[in-house]
Amino acid sequence: AFAMLMKSPTQSLTEQLSARISERIRNRLLAPGARLPSVRQCAQQNGVSPSTVVAAYDQLLAQGLVEARKNRGFFVRESARAVGAADDDTHPVDPAQESAAANWSTAHWFAARAAGRGGRSVSPVNATALIRGMFHKVSDKPQPGMGVFPPQWLESTFMPAAVRKVTSSRSLQDFSLQYGEPLGDAGLRRLLAKKLATLNVHTVPEHIITTVGATHALDIVSRTLLRPGDPVMVEEPGWAVEFARLAALGMHILPVPRRADGPDLEVMAKYCEVHKPKLYVSVSVFHNPTGYCLTPGSAHRILQLANQHNFHVVEDDTYSHIAPEHATRLTALDGLQRTIYVSGFAKILAPNWRIGYLAAPPALVEQLLDTKLLATLTTPALLEKALALCIEQGQLRRHAERIRTRLDAARARSVKLAMSAGCTFAAEPVGLFGWVETGVDTDALSQRMLDEGYLLAPGALFHAERKPSTLMRINFATTQDAAFWRTFERVRSEQGR
């Protein structure tokens with residue numbers, strides 16, 4: 001929890017409290033549109049009088065960081081000027097831009113800030129700012145809102161050994177002193193083609209392109225197939241970074257409700273008739289945040305729509321390493337004709353190695369490769385060769401098996417603790433994430449839990465249009481601690497008073 005404020009000869013309690021809240025806004029830990037605690041709650045949390053809180057909120061109002069809404073309380077401003085103030089941006093802001101920003105979705109707000117509407121220089125607040133907020137180190141406690149496995153789960157001896165072996169070879173100087181292969185390391189691509197065959201996704205090394213992580217692969221696809229203003233169907237709930245990334249490219253986002261069996265096909269069909277979308281972005285297996293897996297019936301209907309209405313499908317299979325091989329994948333059924341397969345190794349092996357890849361229809365490979373080369377030239381051969389060694393020797397497969405076994409045990413414990421804390425699951429608990437019903441506003445809950453040193457992932461983050469939600473996504477690997485759930489119960493109870 002926050003330390004109580006203490007009187008200081010150099011700074012009043014009001015100034016200390018105002019600085020504390022403004023720092024949270026500056027670090028993106030209080031998102032645009034987030035509600036501040038009530039005056040009484042804030043006074044209790046910080047050990048000050050209500051009049052001190054009122055004065056601090058007045059200072060934040062004067063700085064343009066928050067706004068007061070009648071009968072509702074204080075909220076972090078969604079305007080450009082609020083963030084500009086937090087980032088010490090001295091450039092003036094167009095009032096029309098400021099007014100419009102308050103009504104935009106979170107994704108469009110990030111995109112407009114990054115683009116600098118009206119030709120004015122503004123602070124770059126975009127998808128990367130959201131990532132900084134989500135991955136800000138709040139405390140040394142396990143973080144329920146994180147999207148990756150804890151570092152200690154990924155520790156191994158084979159990865160450093162693979163790097164040492166690659167760097168000790170005579171060819172190190174040869175591949176270090178020149179650019180790598182445009183498509184990526186040939187040895188790695190051969191192994192990736194074999195790996196995809198085990199998922200019934202059949203391709204050849206020449207149709208695989210390595211990338212700087214799976215997100216880069218998704219970006220290559222978007223930049224190749226889309227132009228600003230093009231309509232794109234994206235599953236909702238879905239990961240906020242994807243919404244923000246597409247919005248930053250100027251795309252027209254069409255959110256498609258995700259159900260247990262797949263996307264809402266009626267909504268997709270209507271979008272196809274009215275908007276003629278160019279692309280559909282899907283996480284078919286262990287969907288984030290619900291954990292849903294696509295059924296064969298839904299998959300066939302999606303592909304029928306794609307052929308009938310002439311759009312491509314990009315399938316993000318980020319969680320393939322912990323998912324069953326027999327799971328339904330659009331790319332397997334389609335044979336990489338209208339579909340593009342994307343995956344990577346950040347979740348299972350080494351986040352900082354930044355190795356991802358895509359497998360594409362033959363007709364698109366050269367276009368996609370051109371986009372990669374324009375953005376990054378080639379990808380680092382050293383780590384690609386090390387990864388190839390890990391795959392070839394079976395170490396990655398055994399490592400993934402250990403992770404799956406450990407995750408199964410963690411999930412069972414986390415589910416039991418969550419249900420004991422009075423939560424329910426909006427979707428069957430599978431994979432890495434749980435989609436949890438808390439019964440309270442999780443935007444407000446996440447702010448209170450930050451005071452306790454825990455970063456949550458509130459449900460509002462997973463919608464194209466930010467709106468209140470009582471859901472939250474938990475990471476099963478980081479919610480096995482009974483201490484977290486005890487704190488959760490206490491804070492939720494306090495919020496409900």
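Predicted model: local features only at pLDDT ≥ 70, side-chain atom pairs only at ≥ 80, totals over all residues.
Residues are numbered from 1 along each chain as its sequence is written, and side-chain values use heavy atoms, with hydrogens and water left out.

Helices (H or I, at least four residues) and strands (E, at least two) are DSSP runs, numbered from the N terminus. The protein chain has 21 helices and 13 strands. Of its 497 residues, 57% are buried, and buried here means under 20% relative accessible area, with exposed over 50% and partly exposed in between (1.4 Å probe, protein chains only). Looking at contacts with a separation of 6 or more, 71% come from residues 24 or more positions apart; contact means heavy atoms within 4.5 Å.

Now back to E9, which covers residues 356–359. Which way do its residues point? Gly-356 and Leu-358 go one way, Tyr-357 and Ala-359 go the other, and all are buried. In general, side chains in a regular strand alternate between the two faces of the sheet.

E9 has partners on the sheet. Strand E3, residues 208–211, pairs with E9 in the antiparallel sense over four bridges. Strand E8, residues 339–344, also runs antiparallel to E9, and four bridges join them. For the record, two strands pair if DSSP finds at least two bridges between them.

Let's zoom out to the whole sheet. Seven strands form an open sheet with mixed pairing, in the order E3-E9-E8-E7-E6-E4-E5. The edges are E3 and strand E5 (252–257), each of which pairs on one side only. From one strand to the next, the twist averages 20°. Axes here are lines fitted to C-alpha atoms, for helices over the stretch in contact, and angles run from 0 to 180 degrees between N-to-C directions.

Further along the sheet, strand E6 (residues 279–282) and strand E7 (residues 312–316) run parallel and are joined by four bridges. There, Ser-282 stands opposite Glu-315 in E7.

What packs on this sheet? Helix H14, residues 265–274, does, touching strand E4 (231–236), E5 and E6, and its direction makes about 155° with that of E5. Helix H17, residues 362–376, packs on the sheet as well, touching E3, E7, E8 and E9, and its direction makes about 15° with that of E3.

Let's stay with H17 for a moment. Its axis and that of helix H12 (residues 214–225) come within 9 Å and cross at roughly 115°. So H12 counts as roughly perpendicular to H17, because angles from 65 to 115 degrees count that way, under 35 as roughly parallel, over 145 as roughly antiparallel and the rest as oblique. The crossing is right-handed, the term for a near helix turned clockwise from the far one by less than a right angle, with anticlockwise being left-handed. Ile-220 and Val-221 of H12 are among the residues making the contact, as are Leu-364 and Leu-368 of H17. By class, that contact has five nonpolar, five polar and two charged residues. Ala, Val, Leu, Ile, Met, Phe, Trp, Tyr, Cys and Pro count as nonpolar, Asp, Glu, Lys and Arg as charged, and the others, Gly among them, as polar.

Is Thr-203 buried or exposed? Thr-203 is buried, with a relative accessible area of 18%.

Lys-276 sits in the loop between H14 and E6. With 57% relative accessibility, Lys-276 counts as exposed. Not counting residues up to four places away in sequence, Lys-276 touches Pro-231 and Tyr-271. Its C-alpha atom is separated by 7.0 Å from that of His-309, 33 residues apart along the chain.
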